Every structure is written in structure tokens, then in C-alpha cells.
Amino acid sequence: MSRSLRPSRQISNLLYSSIPRNYSTEAPKASVKLIAEIRKRIEGTSLTKAREALQATNNDLQAALEWLEKDIAVSGAAKAAKLQGRTTGEGLIALAILGRGGWNEKGRPQGVRAAMIELNCETDFVARNSLFVDLAQEVAYSAAYLTEPSNTGDGLVKQLTVDALSDAPMMSYNPSSTSSAVSISESIRNGIAKLGEKISLRRACTLVSDPLQDPTLGLAVSSYVHGGVSGTSPSATTSTILQAGRMGSLVALGLRSQSLPSAILSTTFNFNEDLSSLGRSLAMQVTGLNATTIRNASEILEQGNPEAMALYDQPFMMRMGAPTEESVGKVLKDWAEERKLAEGQVEGGEGVQVVQFQKWAVGEPIEETSS
């Protein structure tokens, strides 16, 4: 019987390797280095989305970044429409102080520029996400940056309309930011695309004033947040303070004294540091002890508010380093006298006074809460 002739494995491999093959055209493989760079520049970008952007643009980094920004804008608008009916009961109170007032090392007055906003989301989990924290702080920064000083005489704290602020451009506090110019509402939609929850801007206020030209007058602003959370930005620099938490307050301190110019430049004590410590203590007091007015609580009680409480009547329990049972009003009087700003401070006279404060908590009923 003859044996069937079959090519050996080696001959078979040789035959098949000589056959020309037709390959399909595939997208170029995304560079791992460029994927990392994209995720560094646009925080929250997934590996899949970064790879898709690079493959769609033939590994062109700049084109991929532009592709992603367009994709985020489209998906953000779609998600925002889909989530429109959901409730946003969580979120953050964010504060930004770009100018604290007071004086520089040469005794020259400085302007005040501060803002506070409430940004809401659906869950506490997202509220603590660094992307959401950054978004809230950038909205507060933008509000403080863009607001012009008010000369209406209606008080230092100015309530902003949500619609007007939403249409304003988002200003980044990060000098290395490569984000293209977008409005605050567009930035919020981008946040919705990345975080997958409904996000809404609920309210905003600012406290802005040019440097005071009268050398016997001074103005400074302080802030505090309770339940603070951190984003990717530093919480404070030499010129900017960024904060976010469940509850926050802004406090404006006014000073009036013929002795103010000499007190500012005193070598006996550091006036600016002392004033900053006093202001922060007052902001903590306002945040923690539920004051409803600066003074004269009896007038508000007569107007039908049984919970009226005057800041000046409260024991200064939040004074940094030296909590005391003495009233806030008494401590302010003593503070001014110790620095020779007033000999027996009286209301409306020389010394240091709380001019106005604003306190907010996430989700509280919106009403007139400033004093």
C-alpha cells in the first residue's frame, strides 16, 4: 500500500508564510506617555477616553485635548438634560479671598476682594470629590475676581444673581491651567459629565471694596469653614485663600482711630497678624454659635424672631488661643484699647467693629442671613 504524501510541518509553515496577507487599516496605538499627559492636564479623564482621543487624532496631543474638551461639553449637556429632575441636597460652601484688606508692610491700605458660593450636588460622596471641590472653589474665585466694588451704600456684602454669575467666564486660580475660556455654566456641565451627578449653583455673594484713602479708617475681611474639604489646589498663598466645607462665613471688620497710622507701623506688636487672628476668631464664632445680628437682638425679638442672638452679647468662646466667657463686644473694646486705638470704645466711635457678616450652611432655607 502506498503511503499518502503530506507536506511536513516545516514545509506547511513555509508555504503559508509565503502567502501575501491583507491587513485591515487600524487606528494608531495610543502613546502611554501621551495618555498620562492628557490625564494630568484634564483631571478626571479615564484611560479609555484618553486613548480614544489620541487614536482619533493620530497621537496629536493638542488635537486630542481639543477633542476631549468638545466631547466633555457634548456629554455634559446631554447628562445635564437627563438629570434635570433630580434633587441636589448635598454640596459645599466655597469661599475665595483675593484681597484681605488691612495694610502692607509699608503701611499702605489694601483692598478687600472676597466671595462665597453654594454649589450643590446629589450625594456627599461627590461633594467630597476633589473635582467637585476644585469646581466650587473656582466658581468662588471667579465671583471674587469679576465683581466690581459697590458704591450703592447698601452694605459691603453684595448678593449675586445665579443667572448673571453662570454666564460669567470661569477664571482659574491655577496659573498653569490650560483650559480654554468657558463660562461658569459650561464648567458646571463639564463637571456633570465627569462626575455623573446633577450639579447646580444655588447662590453667591461677594464682599469687595477698594483701598480706603482716609488714613484713620481701615477694613479687613476674614473667613472660616466648618467641615472643610480639600481639592487639588493649595488652600492659601500669600495673596489668595480658598476654602470649602459644609458651613462657611465671611466677616468684615472696620477700624476707626486717629492713632491707626502709628498702630499699623508699631514695633511693639504685629498689628496685621493680631487683626488677622481676631478676624478669624470672629468668623469661627459666627459660624459656630449662630449669631443672627451684630448687636441689638432685642429689636429683632420684637419683630417676631424668637431665636435672635446678637454676636456682641455672646461669650467669645471661639477666640483663638484664649477662649473666654467675656462677651465679644467686651473683647473688641479691650483689643482696641490695648493697641491704643480707643480710650473707652463706644458704639460708632473709635476702635474696631464688626461691620457685617454672612453665614451659610449647605441646604438651609435661603433667606436674608447677613447682618
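**Pocket, cavity, helix pair**

Analyst: The second largest pocket holds about 570 Å³ of space. This is a predicted model: local features need pLDDT of at least 70, side-chain atom pairs count only at pLDDT 80 or more, and totals for chains, interfaces and linings use all residues. Residues are numbered from 1 along each chain as its sequence is written, and side-chain values use heavy atoms, without hydrogens and water.

User: What makes a space a pocket, and what makes it a cavity?

Analyst: Both are found on a 1 Å grid over the protein atoms alone. A cavity is a set of points where a 1.4 Å probe fits but cannot get out. A pocket is an open set with protein on both sides within 12 Å along at least five of seven lines. Lining residues have an atom within 4 Å of a point.

User: Which residues lie nearest the centre of the second largest pocket?

Analyst: R100, G101, V221, N272 and S276 do, out of 27 lining residues.

User: What is the volume of the largest cavity?

Analyst: About 60 Å³. The structure holds one cavity of 30 Å³ or more. Its lining includes W103, D210 and L219.

User: Why are helix 6 and helix 8 called roughly antiparallel?

Analyst: The axes of helix 6 (residues 130–146) and helix 8 (residues 184–195) cross at roughly 175°. Angles over 145 degrees count as roughly antiparallel. Therefore helix 6 and helix 8 are roughly antiparallel to each other.

Conventions. Axes fitted to C-alpha atoms, helices over the stretch in contact; angles between N-to-C directions. Helix = DSSP H or I, 4+ residues; strand = E, 2+ residues; numbered from the N terminus. Parallel < 35°, antiparallel > 145°, perpendicular 65-115°, else oblique. Points joined across faces, edges and corners; volume = space filled by probe spheres on them.
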